Amino acid sequence: GLKVAKATELGAGCHGVHATIVVPSYLGGDRQYILTMTPAAGGTYHVRYFNPTATPTYFHLGEYNPATDVLTEDLGHVNGGAQKLDSFPGSTTSILTFSRSA
C-alpha cells in the first residue's frame, strides 16, 4: 500500500508530498519518498518518487491519471536509467499500481 501525507502535513507543498510505501519486512521494510508531480500529455502527470533516506539517494518515475485516479511507480528505472527486471526475483512486472481506497 501507499500512505500519502496531506499537503499541509510534514512541511509538504512545493517541495513535494511525503509518502510511505508499505513493504513487508522480508523485502526490506517500508520505503520513505517525497512525491512531486509535473503536468504531462493527455491530462496526466509525471510523478517522481524521491527517496532521501537511502544511501545513495535515488528516485523512480511514475504517472498519475486523474481520470482513472490511478497512480503508478516504475521500479524498473532508477534515477532515470533502466534496472533489470531480474532484480525483482519472481516478478513479472516492475510497475506498481496504486488506487485510492476508503
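**View 1. Tyr33 and Tyr49, both buried.** Buried here is under 20% relative accessible area, with a 1.4 Å probe and protein chains only. This is a predicted model, where local features need pLDDT of at least 70, side-chain atom pairs count only at pLDDT 80 or more, and totals for chains, interfaces and linings use all residues. Residues are numbered from 1 along each chain as its sequence is written, and side-chain values use heavy atoms, leaving out hydrogens and water.

**View 2. Two aromatic pairs turn up.** Rings of Phe, Tyr and Trp (its six-membered ring) pair if their centres lie within 6.5 Å, and planes over 60 degrees apart make the pair edge-to-face. Strands are DSSP runs of E, at least two residues, numbered from the N terminus.

**View 3. Tyr33 also pairs with Tyr58.** This one is edge-to-face too, at 6.2 Å centre to centre and 90° between the planes. Tyr58 belongs to strand β5 (residues 58-65) and Tyr33 to β3, so the pair ties together parts 25 residues apart in sequence. Tyr58 is buried, as is Tyr33.

**View 4. Arg48 puts its charged end over the ring of Phe59.** The distance to the ring centre is 4.2 Å; to count, CZ of Arg (or NZ of Lys) must be within 6 Å of the ring centre and within 35 degrees of the ring normal.

Conventions. Rings of Phe, Tyr and Trp (its six-membered ring) pair if their centres lie within 6.5 Å; planes under 30 degrees apart count as stacked, over 60 as edge-to-face and the rest as tilted. Buried means under 20% relative accessible area, exposed over 50%, partly exposed in between (1.4 Å probe, protein chains only). Helices (H or I, at least four residues) and strands (E, at least two) are DSSP runs, numbered from the N terminus.
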